[in-house]
Amino acid sequence: MLENYLPILLFIIIGIGFGVLPLLAGFVLGPRHPDSEKRSAYECGFEPFEDAHMKFDVRYYLVAILFIIFDLEIAFLFPWAIVLDEIGVFGLLAMFLFLGILVVGFVYEWKKGALEWE
């Protein structure tokens, strides 16, 4: 039975090899001539205004997470709406539970001030 999975294992190994080997070859064989010009941040030909490695406010990440959550919510709502007649009341209640959990998370973020922007 395990011999049936050998082609899949070989395919995975070859795929990982095709992804990792060029990266390693570039890292090992690539030229290294760093200078201050190459390490500076590019801002439309102007000198950089600030350090390129500045910290971002955590609210950027919270808004991004909220966007991903509600984007996934919509991705689940379309197939659910298409098969609603087939899944019946159980599917309806399951989706209400799913949406309720998302609403609780949204209200929590709202109360914590994640959506407040200064």
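A search of the whole structure, a predicted model, finds three aromatic pairs, where rings of Phe, Tyr and Trp (its six-membered ring) pair if their centres lie within 6.5 Å. Phe70 and Phe106 form an edge-to-face pair (planes over 60 degrees apart; under 30 degrees counts as stacked and the rest as tilted), with 5.4 Å from centre to centre and 85° between the planes. Because Phe70 belongs to helix α3 and Phe106 to helix α4, this pair ties together parts that are 36 residues apart in sequence. Phe70 is partly exposed, with a relative accessible area of 28%, and Phe106 is partly exposed at 27%; buried denotes under 20% relative accessible area, exposed over 50%, and partly exposed the range in between (1.4 Å probe, protein chains only). The ring centres of Phe106 and Trp110 are 5.7 Å apart with planes at 55°, so this pair is tilted. Both Phe106 and Trp110 lie in helix α4, four residues apart, about one turn of the helix. In an α-helix there are 3.6 residues a turn, so residues three or four places apart point the same way. Phe70, Phe106 and Trp110 form one aromatic cluster.

Residues are numbered from 1 along each chain as its sequence is written. In this predicted model, local features need pLDDT of at least 70 and side-chain atom pairs count only at pLDDT 80 or more, while totals for chains, interfaces and linings use all residues; side-chain values use heavy atoms, with hydrogens and water left out.

Helix α4 comprises 29 residues (84–112), yet its end C-alpha atoms are only 35 Å apart, short of the 42 Å that a straight helix would reach at 1.5 Å a residue; the expected span is 1.5 Å times one less than the number of residues. A bend of about 70° occurs in α4 at Phe90, given as the angle between axes fitted to the seven residues ending there and the seven starting there. The buried residues of α4, namely Gly91, Met95, Leu99, Leu102 and Glu109, pack against α3 (58–82), a contact being heavy atoms within 4.5 Å. Gly113, with a positive phi near 85°, follows α4.

The chain contains four helices and zero strands, helices being DSSP runs (H or I) of at least four residues and strands (E) of at least two, numbered from the N terminus. Of its 118 residues, 10% are buried.
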